[in-house]
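Let's take a walk through this structure together. Have a look at it first, and then we'll begin at the metal.

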Amino acid sequence: MSSIESTSPGGAAVLVRPATPEPPPPEIVSERARIDESCAVPCLVWFASSLFWLLVATVFGLVASLKLHIPGMHAEQAWLTFGRIRPVHLNLVAYGWGAMAAIGVMLWLMARLSRVPLRWPAALVFAAGFWNLGLLLGTIAILAGDSQGIEWLEFPTYVAFLLFVGFAITAVWALMTFAQRRVEHVYVSQWYMFGALFWFPWLYATVQVLLLLVPVKGVPQAAINWWFGHNVLGLWFTPIGLATAYYLIPKVIGRPIYSYYLSIMGFWTLAAFYNWAGIHHLISGPVPAWLVTVSTVGSMMMIIPVATVAVNHHMTMRGSFHLLRYSPTLRFVVFGSMAYTIVSLQGAFMALRVYNEPFHFTHHTIGHAHLGVYAFFTMIMFGAIYYIVPRLTGREWASSRLIKIHFWTTAVGITLMFLVLSIGGMIQGFEMNQASASLGSLMDEHGFFGGVYEFFGGFEVQNGAVPFLDIVAGTIPWLVLRSLTGVLILVGHVAFVILVVRNVHAWGKQRRGGPTLFHELPATATPALATTTATTTQTPAGGEERA
Amino acid sequence: MLTVYYILVFTFLGLFSTSVVLAFWWAVRKGEFRNFKEQAAAIFDADEPEGRLTDVFPGMREVAETNRKGAQVG
Ligand code: HEM
Ligand code: HEM
């Protein structure tokens, strides 16, 4: 049995071979195995669905991206126009991939932290059915031209109803699991999940009533739209991403959170400040100036919870960064946590008028969006799925190489996508608002560096100095590069889906010697989906073999 | 119509704020803001104690081999 003991000075986990491996108390192993077993079917259904939508959404994203630099592509097909493809991409990444992965992770985490199995898992499968039906109908509706035309809320009301039912069931289940908990204490991840479970229905119901059922008139529509759009990111995806990181980082490296006090403070300050920030999406829009100012202040206040998370995760990992080489989960989750700090600090500054005004209508914003929803949230969900699925199926991942392909294509892909969109968007913004001439023409005149200097140096506002069509043409190389990064990411997603399918179906050669299951499972607690007996035996080399 | 909105908005604002205050009060009473050290360690068990890595790439047996020779990982 390979075991990692805390022998380094900083308490960091290092791998050593124990002299005599002590057997774990059977009641603890069987308790965890029973919980995993109860989660197996519902969580795998939510994960499998999320991965299906991830692939579909990625293809839609890629097609949307291609259409921005090949505008004639499928232009004659109404259902393939950009105005329909883009909202399908957005809604499927948000409610298909993001929310379904989040709910799967949340159910497992809640059961594990409460130390009780999930009861009546069939109801959660039923809820996934509602959710999937909603996504299918919503996608067809948008492609058929029946979109609501409100960003983040394009699905028709009947779809919202289906999603709401699916969500209500999962929320009740998560809360029931918590109510039956066998531990008194509420771990910080549970606080974040409570927040998410409480806020999401509140947001979604409010916005459905105020924008779709009995719509308010005029400017408040935009304000409510962006109160929702921002909060669905900050009070639904963000808390679930952070809950996961707060569990997995310490759990994987075997070291408690550096400062539990900071983590709790981070939760309550997030709860206090995020809700104020939504109107920063409407800076310079036709809303009262004080409302924008309040949102800017709220955005800056967000630096407090963000700093608590950044300091805490960094200090927890200090001395353990070398473990990134060995744990797939850790790689994805630490990447995601770092992205959280970067995207949030960037966001706080984007909420300043001076930063926002030149870049709002550019690809720069799209760069920030992908840094948040992909580099932060999506990467953490990937890491969580790497941790959870083997424990549900009782099977090790089939291939290290595929995991590494998945990690590197997505990590490099999203980093490049962010850079390309940020730089391309910045040039676009300067050309639209401030530059005296286009970057290309200044480079022709002054050379590469001289041109860049003149371009960014000419800070006085010269609205309209560069013809709009030249600006559009200037974005094309950046958009082509974005499509290439999209291809890289798609390759990573395909690798991931192959891994999960092979794991769940036990296809192909099964790897022996899995590190993910450390101990012999009692015969009564074999994970439900394992077709082979998932017991582990010790090998002299310190590894494990599955018998 | 406007009155209905005002009533709705303020009722829900009230409910929302009250629930947050209640949650905070509950947390204080339950001692969630004490014994931080113990609370942070709540995710470890006797068989997955502090100091044990719980996730490794499949087939990283060679890591264990290295350690068998006395070298530390990293
Ligand atoms: C799971 C992964 C992904 C997530 C979570 C995601 C998320 C998002 C979000 C939130 C938006 C809306 C941005 C905004 O309105 O500011 C968006 C737009 C977009 N995404 Fe993605 N995305 C993902 C993958 C991709 C990929 C692989 C591509 C391919 C290149 C892509 C291309 C696009 C395009 C072209 C837009 C529209 C941008 C525009 O309107 O100018 N996305 N995505
Ligand atoms: C406290 C931290 C954050 C602040 C202050 C912030 C600020 C902003 C601002 C000002 C914009 C509007 C840009 C514009 O339209 O001109 C924006 C857009 C966006 N942010 Fe953030 N951000 C933060 C964190 C995050 C996180 C953590 C995520 C992802 C989970 C995220 C995802 C997005 C997305 C998807 C958009 C584009 C929305 C759309 O146009 O459809 N942000 N953010």
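Which residues coordinate the iron atom of ligand 1? They are His89(A) and His370(A), each through NE2, at 2.0 Å; donors here are N, O and S atoms within 2.8 Å of the metal (3.2 Å for Na, K and Ca), and water is not among the atoms, so sites may look incomplete. This pair ties together distant parts of the chain: His89(A) sits in helix α2 and His370(A) in helix α12 of chain A, 281 residues apart. Helices are DSSP runs of H or I with at least four residues, numbered from the N terminus.

Before going on, keep in mind that this is a predicted model, where local features need pLDDT of at least 70 and side-chain atom pairs count only at pLDDT 80 or more, while totals for chains, interfaces and linings use all residues. Residues are numbered from 1 along each chain as its sequence is written, chains are lettered from A and ligands numbered from 1 in the order in which they are written, and side-chain values use heavy atoms, leaving out hydrogens and water.

Back at the iron atom of ligand 1, the 6 donor atoms subtend angles of 86 to 179°, so the arrangement is octahedral (six donors, with opposite ones over 155 degrees apart and all others between 65 and 115).

The shell around ligand 1 draws at least two residues from each of α1 (26-69), α2 (82-114), α12 (363-393) and α15 (468-505) of chain A. Glu151(A) also has a polar side-chain atom 2.9 Å from an oxygen atom of ligand 1, a polar contact (N or O atoms within 3.5 Å).

Terms used: A polar contact is a pair of N or O atoms within 3.5 Å; within protein, one must be able to donate a hydrogen and the other to accept it, and residues adjacent in sequence count only if both atoms are side-chain atoms. Four donors count as tetrahedral if all angles lie between 85 and 135 degrees; four count as square planar and six as octahedral if opposite donors are over 155 degrees apart and all others between 65 and 115; anything else is irregular.
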